[in-house]
Amino acid sequence: MRKTKHLFTHLALVIVVSVVAAPVIMAILFSTQTPAQIYSYPPKFTFGTAMLDNYASAWNQFHLGKYMLNSFIIAVAVTTGKTILAFTSALALVYFRFPLRSWVFIFILLTLMMPTEIMIVSLFEIVTGLGWGDSYAALIVPFLASATGTFLFRQHFLQIPSSLLDAARIDGAGPIRFAWSILLPMSSNVIAALTVIQFVYMWNQYLWPLIVIHDSSMQVVQVGLRMVFGGQDATNWGIVMAGAIITLMPALVTFMLLQEQFSRGFALSQEK
């Protein structure tokens with residue numbers, strides 16, 4: 001009975017994974033095929049003969065390398081800035097005493113219910129008023145604050161024994177030394193989890209860059225991928241799928257490198 005249960009469990013997992021992975025697998029296969037192979041009937045679920053041509057066209061003809069560089073700079077800058085601000089704000093909320101501290105934290109959580117899309121008009125007016133149009137500042141500064149990061153760091157800090165703070169005070173360590181020498185090394189898993197979340201989020205930005213950036217050389221990769229789709233007289237889905245696979249890789253590599261720390265970062269326990 002136990003072996004039968006394990007067999008059905010693994011069979012169910014294989015089916016679920018196959019369903020989830022099917023679009024990616026199809027994109028990989030189509031990225032290697034010519035238009036004739038893609039539109040053939042019955043469909044050919046095999047690797048085609050145009051892989052090098054499709055990937056070369058997506059990279060060189062539509063300048064995906066430039067767009068990916070822009071997205072990478074923006075994603076790294078926002079991830080770094082958000083991590084620093086979230087870490088310091090959580091440090092203040094947990095280890096400093098000031099009036100209305102609990103209400104400040106509640107207000108930070110309330111901002112989670114306000115996505116960027118509902119503030120996009122006022123945000124656009126502010127950014128253009130500051131003269132930040134067609135610049136990295138327009139794509140970085142509005143995303144530096146992170147309620148999610150503050151929440152994760154705060155919950156993590158609450159799990160750290162207060163005896164560590166008392167010992168640091170006895171040793172004469174100030175707030176900066178305590179944060180740098182004790183809290184930061186103990187927060188590596190939370191930092192990794194936040195890095196994955198924010199990097200993928202910024203890598204997939206589409207609507208805001210499309211509105212605020214008009215110079216094509218400053219555009220991000222998701223808008224660049226849309227240009228691959230719309231920049232052809234007749235859509236070559238092989239090139240489009242090749243571009244999609246190329247743009248998928250940085251986010252996928254980031255998650256694969258940090259997946260263990262990502263999982264531990266949400267455990268929020270002293271085992272971290």
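## Gln37 and its contacts

Gln37 touches Thr32, Gly48 and Thr49, leaving aside residues up to four places away in sequence. This is a predicted model. Gln37 sits in helix H2, which covers residues 35-38. Its side chain also reaches the backbone nitrogen of Thr34, at 3.0 Å.

Is Gln37 buried or exposed? Gln37 has a relative accessible area of 18%. Buried means under 20%, so Gln37 counts as buried.

## The largest pocket

The largest pocket has a volume of about 700 Å³. Its lining has 25 residues. Nearest the centre lie Thr111, Met114, Ala145, Ser146 and Ala147.

Which helices supply at least two residues each of this lining? They are H4 (64-95), H5 (101-110), H6 (120-129), H8 (147-159) and H11 (188-203). H4 gives the largest share, four residues. By class, the lining of the largest pocket has 16 nonpolar, eight polar and one charged residues.

## The second largest pocket

The second largest pocket has a volume of about 250 Å³. Among the residues that line it are Thr83, Phe87, Thr88, Pro175, Trp180 and Ile191. Two elements give two or more residues to this lining: H4 and helix H10 (175-186).

How many residues of each class line the second largest pocket? There are 10 nonpolar and two polar residues, and no charged ones. Thr83 and Thr88 are part of this lining.

Methods: Residues numbered from 1 in each chain as written. Predicted model: local features only at pLDDT ≥ 70, side-chain atom pairs only at ≥ 80, totals over all residues. Heavy atoms only, no water. 1 Å grid on protein atoms, 1.4 Å probe; cavity = no way out; pocket = protein on both sides within 12 Å on 5 of 7 lines; lining within 4 Å. Points joined across faces, edges and corners; volume = space filled by probe spheres on them. Nonpolar A, V, L, I, M, F, W, Y, C, P; charged D, E, K, R; others polar. Buried < 20%, exposed > 50% of the residue type's maximum accessible area, 1.4 Å probe, protein only. Polar contact = N/O pair within 3.5 Å; in protein donor to acceptor, adjacent residues only side chain to side chain. Contact = heavy atoms within 4.5 Å.
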